Amino acid sequence: MKTEDILEALKTGFQGLSLGEVGRRLEEYGPNELKEKKKRTTLMMFLDQFKDFMIIVLIVAAVVSGVIGEVSDTIAIVVIIVLNAVIGFVQEYRAEKAMAALKKMAAPTAVVIRNGKPSNIPASDLVPGDIVLLEAGRVIPADMRLVEAAQLKVEEAALTGESIPVEKHTKVMHERDLPLGDRKNSAYNGTFVTYGRGKGIVVATGMDTELGKIATMLQEEEEVKTPLQKRLASFGQRLAIAILAICAIVFGIGVFRGEPPLLMLLTAISLAVAAIPEALPAVVTISLAFGARKLVRQNALIRKLPAVETLGSVTYICSDKTGTLTMNKMTVEEFYVDGRLIKVKEPAFSKILQVETGTPAHTFMAAMAISNDAYMGDDGSVIGDPTEVALYKAAVDNGLDKRSLEKDFPRVAEIPFDSDRKCMTTFHRWPEADGNFISITKGAIEVLTERSHGILTSDGVKPLDMDELLRLNDRMAADGLRVLCISMKRWENMPLDMSPENVEIGLTVLGLVGIIDPPREEAKEAIAICKSAGIKPVMITGDHPITARAIARRLGLIEDTSKEVMTGRELEKLPLEEFEEGVEHISVYARVSPEQKLKIVKALQDKGQFVAMTGDGVNDAPALKRADIGIAMGITGTDVSKEVSHMILLDDNFATIIRAVKEGRRIFDNIRKFIKYTMTSNFGEILTIFLAPFFGLPIPLLPIHILWINLVTDGLPGLALAAEPEERGIMKRPPRHPRESLFAHGLGTHILWVGLLMGGVSIFTQAWSINTANAHWQTMVFTVLALSQMGNVLAIRNDEESLFKSGLLSNKPLLGAVLLTFALQMTTIYVPSLQPIFKTKPLTLSELIFTLAMSSIVFIAIEIEKLFRRRL
């Protein structure tokens, strides 16, 4: 719309609104604030932690343990439940801070014109139609259409992801549905002015602003449950049903055979308590906590513990380009000077700059250094616009320091950069030149070639071959470089007419410079690892599609001929269903909006993919929250993005994500190993008691035996599995399918056959002892069952490698736990004061040897199974 049309539509004028009208509009539109939905109370947040099905099962188990007199079991289970609730509560409480961080971004005050006079007011009092004055350093307090812009530049990175400040203007933009980053005649709430001044008409306040739309999305977007949470909930439900059924059968058969009903009731209840892996939540929590602690040392801060394991399921990593895949540091990469195109890293480049003063290369470099607004700070860092900083550093690196040159060639005048002209000019004293002054103009090549007549070479100024220069420009731009042309003109005296039309003509081209935010070296390697691990990396950027494609090619994301690039505008036109059909074939997105990032995440999730999304701006927050793993940037990230994320990259480096994925896979492997171990052991216990009556044998174990085995074997050895190092080739296998069962890849079969073997060995021990008139048969069965589980835990440490290759000392906590459990079991047999409690008898040497031999059968069988697996 034209300015006058906007003024008319909003019933305002350049004199601003009257105070009466402001009051009426505040009533109509409400204050210029972000609204929060009703919060859960702290108590409700804490109580919600007890809704998980597995936790409910454990609460029932704790009550049952207390009823039958096993107070120690009750205390242990209650401690585990409370610990898990506290950890979950802390995570959620921190996530609730996201809206508060978003609110902080809003400007606290604004300068408005009301009744024809400027006044400083709280930003919350702004209404549509207000006229706001803008200047460098101020946060923009609402969404506005600009009506005045004097060299106005606005930093919009938090909303658009574009790291370079955007130059604004007041012209009408006729194109519809422009991405946020291309709306050059508007300014948005929460962004800030870096340069110049301006004036705008407020067109949207509060939740109607672009920042408000993000806040709405953030409140509406539900977090997705992690695969581990889904798997454990499903596992807990099935387990509870199975345990209740088995215990009912055990009780019924025992009573039917004439066993005392009270004994059978206590046995069934003890079996139920033993069969529930109450250490599972503790093992999960400890595994995740250890993993989180390890990842902090590798520059990944985990905000939500389940995220550690979730990383192992990731099938897609959608990453920002700037700072994550690239260095976030504009760097000069190529020069065209004196007829040669030279890459900075080539040895030939430094040679041409080592020639004496007066050569084209030296003149070009000197011009690049002095026609530059970047400067060296007190701490040695270079401060200024990213492009200017890159030129400054390139000159310094090649022996031309701006500070020294300015003493000989001081700047005397300038014509600032203008987006219409696409160039800037500075004037300097130049005593060595033919005239007393020189003007240096730098800007877009297509503009400067039109205004130049020649090009400087070693043989003097030659006629300009415009087509050749434009071909060079196209070649450099295709490599993702931002190309600047640097030209000069000599003056005997300073021109009286300092207009660009008079000054920026008849120029001599000195050369071209190609600048890029280069890819991180480690990111290229990390992307290769990603692909070998079956994870598809996707790049999402606010940059131009040509730049995005070039960087993606360098990183190995796409091939040279690939068509896997989509722009935000193309994405906007596609319905979600149509987009979902092709979403898995797209590797690069350019010029995308916040809503589109969310659309990408949802489309991938609808296709059954498991998505990690990186982001640093406010615009990324809804997508970060929706993603299965939201990853915020620790250095460049806004508070909002950090608060909603699951993980924060302390070094903003893509390679850190891959290290985190590796750790996530190790942790899930170890949780599966614990489930394999504990469920096999519990199944062995159930079968021992369940099958004995079918062979005409008495109930082999007393309730105290079952609860003791449960206490010593599920506890420390199970927890020690959390310290198991990763298996070889962990990053050369595809990710687990998000819907994959905990019992996939033969885990269920393993539990069945090893549980059967464990139960069979125990029953054989019982039958043999009774048939040989051994009075210690119950102690022997008790010991065989306890120690068989130690053999089981040692054998399952690695799915394929033998324990003898992995080494006993590669997991010292587990070795210590096994030795301690063995010692504790021996005390129940040989310490006289414990014998009446555990109803045990001391075994003779021959009985002990037989018991140890029977206990080792499970270990030997699993090692043989792994041998066959390695050979297949």
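**Exercise 1. Decide whether Cys 423 is buried or exposed in this predicted model, and do likewise for Cys 485.**

Solution. Begin with the cut-off, under which a residue counts as buried if its relative accessible area is under 20%. Cys 423 has a relative accessibility of 0%, and therefore it counts as buried. Cys 485 likewise has a relative accessible area of 0%, so Cys 485 is buried. As a further step, consider the disulfides, for which two cysteine sulfur atoms must lie within 2.5 Å; by this rule the count comes to zero.

**Exercise 2. Work out what span helix H16 should have, and compare it with the distance between its end C-alpha atoms.**

Solution. Helix H16 covers residues 386-397, which makes 12 residues. The expected span is 1.5 Å times one less than the number of residues, and for H16 this comes to 16 Å. The end C-alpha atoms of H16 are 16 Å apart, so the two values agree.

At the start of H16, a side-chain oxygen of Asp 385 comes to within 3.0 Å of the backbone nitrogen of Thr 387. Thr 387 is also among the buried residues of H16, which include Glu 388, Val 389 and Tyr 392 as well. After the helix comes Gly 399, with a positive phi near 85°.

**Exercise 3. Classify the aromatic pair formed by Phe 579 and Tyr 589, and say where in the chain its two members lie.**

Solution. The count of aromatic pairs comes to six. In the pair of Phe 579 and Tyr 589, the ring centres are 6.3 Å apart and the planes stand at 75°; since planes over 60 degrees apart count as edge-to-face, this pair is edge-to-face. The pair links distant parts of the chain, for Phe 579 belongs to helix H24 (residues 576-582) and Tyr 589 to strand S23 (residues 588-590), 10 residues apart. Phe 579 has a relative accessible area of 1%, so Phe 579 is buried, and Tyr 589, at 1% relative accessibility, counts as buried too.

Methods
Residues are numbered from 1 along each chain as its sequence is written. This is a predicted model: local features need pLDDT of at least 70, side-chain atom pairs count only at pLDDT 80 or more; totals for chains, interfaces and linings use all residues. Side-chain values use heavy atoms; hydrogens and water are left out. Buried means under 20% relative accessible area, exposed over 50%, partly exposed in between (1.4 Å probe, protein chains only). Helices (H or I, at least four residues) and strands (E, at least two) are DSSP runs, numbered from the N terminus. A polar contact is a pair of N or O atoms within 3.5 Å; within protein, one must be able to donate a hydrogen and the other to accept it, and residues adjacent in sequence count only if both atoms are side-chain atoms. Rings of Phe, Tyr and Trp (its six-membered ring) pair if their centres lie within 6.5 Å; planes under 30 degrees apart count as stacked, over 60 as edge-to-face and the rest as tilted.
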